[in-house]
Amino acid sequence: MADHMRDAISKLLDVYDARRRSDLEREQKAKDEEARFLTDFAELRRTVIRPVFEAAGAMLEERGHRYSIVEHEFAAGAEGRISEAGITMRIVPSGTKAPLHEDQRSLSIATRHYNKTVWINSGESAGSGGLAGAKGAFSLDKVTRQLVEEELIGFVARVVAS
């Protein structure tokens, strides 16, 4: 009888151990993918987004406008609070004061680590994109120099029109 119990419990524990190993491997894979996504975004920000922002900023300054660029890294804080990685360009057109609400004249490109997308926001309401997801959300590979330039041109057009 003791051998039967030992065999039965041993088999149950083997199944448990295998399931636990699988769970740990899946968790590690998710962490590795998230870290890779954030690293890839940092590289994209450094090599594509910031250079586009800086080139536009130089043109704006030539015409008497002010701008600033602020970057921030992903951070998981206390109580589960998350600060996404991102870069924001703010514009203050010549002859105006800084806006009451910072997002009115800012273009932000930030991660959404939970679904590994990049969100582009220029202070406008983000409408629904239907099955494709929220408007302004892109997979990392879709955030190209051309897309950033197009978003920046539209953003500058809205700022100078207001």
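The accessible surface of the protein comes to about 10,900 Å², and carbon and sulfur atoms account for 53% of that area. The model is predicted, and its mean pLDDT is 87. Two helices and seven strands are present in the protein, and a search of the whole structure finds eight salt bridges.

**Fold and packing**

- Read from the N terminus, the order of elements is α-β-β-β-β-β-β-β-α.
- Of the 162 residues in the protein, 28% are buried.

**Confidence**

- A pLDDT of 70 or more is reached by 88% of the residues.
- Residues 127-133 have a pLDDT below 50, and this stretch makes six contacts in the model beyond near neighbours in sequence.

**Salt bridge between aspartate 23 and arginine 26**

- Aspartate 23 and arginine 26 form a salt bridge in which the closest N and O atoms are 2.4 Å apart.
- Both residues belong to helix H1, which covers residues 2-62; because they are three residues apart there, about one helical turn separates them.
- Aspartate 23 has a relative accessible area of 22% and is therefore partly exposed.

**Salt bridge between lysine 29 and glutamate 33**

- A salt bridge links the side chains of lysine 29 and glutamate 33, with an N to O distance of 4.0 Å.
- Lysine 29 and glutamate 33 are four residues apart in helix H1, so the separation is about one helical turn.
- Lysine 29 counts as exposed because its relative accessibility is 52%, whereas glutamate 33 is partly exposed at 29%.

- Arginine 50 is joined to glutamate 54 by a salt bridge, and their closest N and O atoms lie 2.8 Å apart.
- This pair also lies in helix H1, where the two residues are four residues apart, about one turn of the helix.
- Arginine 50 is partly exposed, with a relative accessibility of 25%, and glutamate 54 is likewise partly exposed, with a relative accessible area of 35%.
- Through salt bridges that share partners, Arg50 and Glu54 belong to one network with Arg45, Glu71 and Glu73.

Terms used
Residues numbered from 1 in each chain as written. Predicted model: local features only at pLDDT ≥ 70, side-chain atom pairs only at ≥ 80, totals over all residues. Heavy atoms only, no water. Buried < 20%, exposed > 50% of the residue type's maximum accessible area, 1.4 Å probe, protein only. Areas by Shrake-Rupley, 256 points an atom, 1.4 Å probe, with all protein chains shown as cover. pLDDT = per-residue confidence, 0-100. Contact = heavy atoms within 4.5 Å.
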